[in-house]
Amino acid sequence: MHKVPLKDGVLDMENGTFIQIKNLKKYFIEEPDLLTRVVPKKKKRVVKAVDDINLEINKGETMGLVGESGCGKTTLGLTIVRLYEPTDGKIIFEGEDIAEARGEKLKEYRKRAQIIFQNPYSSLNPRKTVRDILTVPLIAVGVKNPHVREERIEYLLERVGLNHRHMDSYPHQFSGGQRQRIGIARALAMNPQFIVADEPVSALDVSIQAQIINLLEELKEELNLTYLFISHDLSVVYHVSDRVAVMYLGKIMELGKTEDIFFNPVHPYTKALLSAIPSVDKRKRRKRIILEGTVPSPVNPPKGCRFHTRCFMKKGKICEEVEPQLKEIENGHFVACHLYS
Amino acid sequence: MLEIRNLKVIFETDRGAVRAVNGLDLSLEKGKILGLVGESGSGKSMTLLSILRLVPYPGKIVEGEILFEGEDLLKKSPSEMREIRGKDIAMIFQDPMTTLNPVFPVGEQIRESLRVHNIIKPEREGILGFLREKDRRKKEYEKVVELMEKVGISYPEKRYFSYPHQFSGGMQQRAIIAIALSCNPKLLLADEPTTALDVTIQAQILDLLRKINEVNGTSIIFVTHDLAVAAEFCDEIAVMYAGQIVEKGPVDKVIGEPKHPYTKGLLKSIPKITRKKEKLYAIPGNVPDLASLSPKGCPFYERCEEAVEECKEVELSLIEVSDGEFVRCIKYL
């Protein structure tokens, strides 16, 4: 596996595109109840969780995805690994569109793209031992020899910092951090190239959080992985990511190199989000921008720019009427805001 | 105003006694905000619940004193405690979604605390008071609307009749704060009030709590696992580990010049937004299981990088290292 050369901290864009997401949409459409079956409604309620997203992830990079709860970041992650069927759009993985892949082709994709879930308490089957949990993906990859499987499980456990003695224990016998390690081992069992980490450390204690973050970084180096790292914790995202995408109500608001997003944010939403991060260091604290209200419902997102209802830098009518497009304002730094168009 | 002395809470379980809170000393002055920081299982929530004498079964307060305005809360009768809860000492819980009752309108739930503590007194006693019930309700309604407005719920007249599921997480937490404030408490206990919320909403809620602290002079004990939130919001910080306070003092001292190895480790393990990215420091090992923790010696011994042989044996109490700053570590003996 060749590594894409680094060019002043940014991965080579031309050769490196690993996953390309084109106009990806995931809508949740209201199921008709008895009444609407008899008397069809004119308009069905549609939750546009992911609405027309374009994103490129390069080989070997960690793409951070941040946003408040309900902005669709988890839906995007699940759609990319095809745990949700995309409503529309393309997911091009190493040159092949897998948005509508079925059967063998989808299985093949699953071997290369895996996911680590947010809650280590609910993502492991309580009735299965660690051995069972790790055997299933190994069979799926086609490791038929039980001895080889055994060895592989031992290796995986060791790699994520657990002991092979743990093999016959059940999930409830582990602490939260250890469970998350099992979740990581399960994702690694497929020998993937791409991992979606969906809030992998949110449910963990501070001291354990650091252990898991370090483990994920080590694994990335060692196995040449590519991550999509989803989190609402901005400090964690800053720490692990090469590039960051900021999502709001199903749309990407700003996208760029981590340093650009964190030290030179341009979108008002990013600015407000960053200003809300509490910091232990007094000197680092920014002047807080308190956003009024909460995230509007994705059922009827505001017209025009989705952020205009809470925006403190609103330009005028245009914000309420025209939806801004994601535009490149400088090298690799994209923003969807009328202030910059 | 509040002083806790040598508080011990024990849970009797099949696996033996679990010392959830193990000899805790704490004091809080009027109008101050105290942050209680620690990881899960460190006993911070239990400390709050002990103050209200709400420790769940099979937990028991076995030793200690909790002096609130000079009176020991542990010696009060259940009915006296009921008077205090909600009126003098109010509490905000972690998860707003489960704290509110889903089958009653939010406004009614705020009104309930006004009624329970008899905040709006009936004009007359007895049967005539009963006849004036309508007036009393109206006054209570007005007071609730005023409270809702104060905590930043828009359209309070309309929102009064909304049910909890119609509120967002941040709004629900505001409603709970309104309940807590309804009787103008002297002490507010906040148990991870912002953990379930997004950063932008967290900023709103912290802003609101600070305003309450400044305007009403309400003292606050703020429990959190997030050191950064505590650093910004509190005047004083107490760091808990395995049921004990390992370090306490003014914010600048505890965050600026941490003394205890655990506090240092915690501070180092938070990812920081600085130009230079470094590998995160991780405290080795896991959060200890309280049931199997040795009763002797320092509970942090096994995870501590600065530990020496004596740490296993020594019985320590908090040592004052400078004015108002206390540490429980052998290095400062």
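Modeller: The residue to look at is Asn191(A), placed in the loop between α7 (176-188) and β9 (194-198) of chain A. The model is predicted. Asn191(A) is not a glycine, yet its phi is positive, about 55°. The relative accessible area of Asn191(A) is 51%, so the residue counts as exposed, the cut-off for exposed being over 50%.

Tyr155(B) is not a glycine either, and has a positive phi of about 50°. Tyr155(B) sits in the loop between α6 and α7 of chain B. With a relative accessibility of 59%, Tyr155(B) is exposed. Pro58(B) belongs to the loop between α1 and β4 (59-68) of chain B.

The helices next to these places can be described in turn. Helix α1 of chain B, residues 44-51, is mostly covered, with 7 of its 8 residues buried. Among them are Met46(B), Leu48(B), Leu49(B) and Ile51(B), and also Lys44(B).

Helix α4 of chain B, residues 106-116, has buried residues that include Val106(B), Gly107(B), Ile110(B), Arg111(B) and Leu114(B). The cover over the buried residues of α4(B) includes α6, α7 (156-159) and α8 of chain B. With helix α6(B), residues 133-150, helix α4(B) packs at an angle of about 115°, and the axes are 9 Å apart. The crossing of α4(B) with α6(B) is right-handed. On the α4(B) side, the residues that meet α6(B) are Gly107(B), Ile110(B), Arg111(B), Leu114(B) and Arg115(B). On the α6(B) side they include Glu133(B), Arg136(B), Glu140(B), Val144(B) and Leu147(B). By kind, the residues of this contact are 5 nonpolar, 1 polar and 7 charged.

Next come the nonpolar cores. The largest has 92 residues, and Leu209(B) and Phe222(B) have the most contacts inside it. Helix α8(B), residues 169-181, gives the largest share of this core, 7 residues. Leaving out residues up to four places away in sequence, Phe222(B) touches Leu209(B), and its other contacts include Ile33(B), Leu36(B), Ala190(B), Leu206(B), Val229(B) and Phe233(B). Apart from that core lies another, of 59 residues, including Ile133(A), Phe174(A), Leu215(A) and Ala272(A).

Last is the meeting of the two chains. Between chain A and chain B, 41 residues of chain A are in contact with 40 residues of chain B. The two chains bury about 3600 Å² between them, and 58% of that is on carbon and sulfur atoms. Within chain A, the residues that lose the most area to chain B are Val206(A), His239(A) and Val280(A), which together make up 18% of what that side buries.

How values were computed. Residues numbered from 1 in each chain as written. Chains lettered and ligands numbered in written order. Predicted model: local features only at pLDDT ≥ 70, side-chain atom pairs only at ≥ 80, totals over all residues. Heavy atoms only, no water. Axes fitted to C-alpha atoms, helices over the stretch in contact; angles between N-to-C directions. Helix = DSSP H or I, 4+ residues; strand = E, 2+ residues; numbered from the N terminus. Left-handed = near helix turned anticlockwise from the far one by under 90°. Contact = heavy atoms within 4.5 Å. Nonpolar A, V, L, I, M, F, W, Y, C, P; charged D, E, K, R; others polar. Core = buried A, V, L, I, M, F, W, Y, C linked by side-chain atoms within 4.5 Å. Buried < 20%, exposed > 50% of the residue type's maximum accessible area, 1.4 Å probe, protein only. Buried area = accessible area lost by both parts, 1.4 Å probe.
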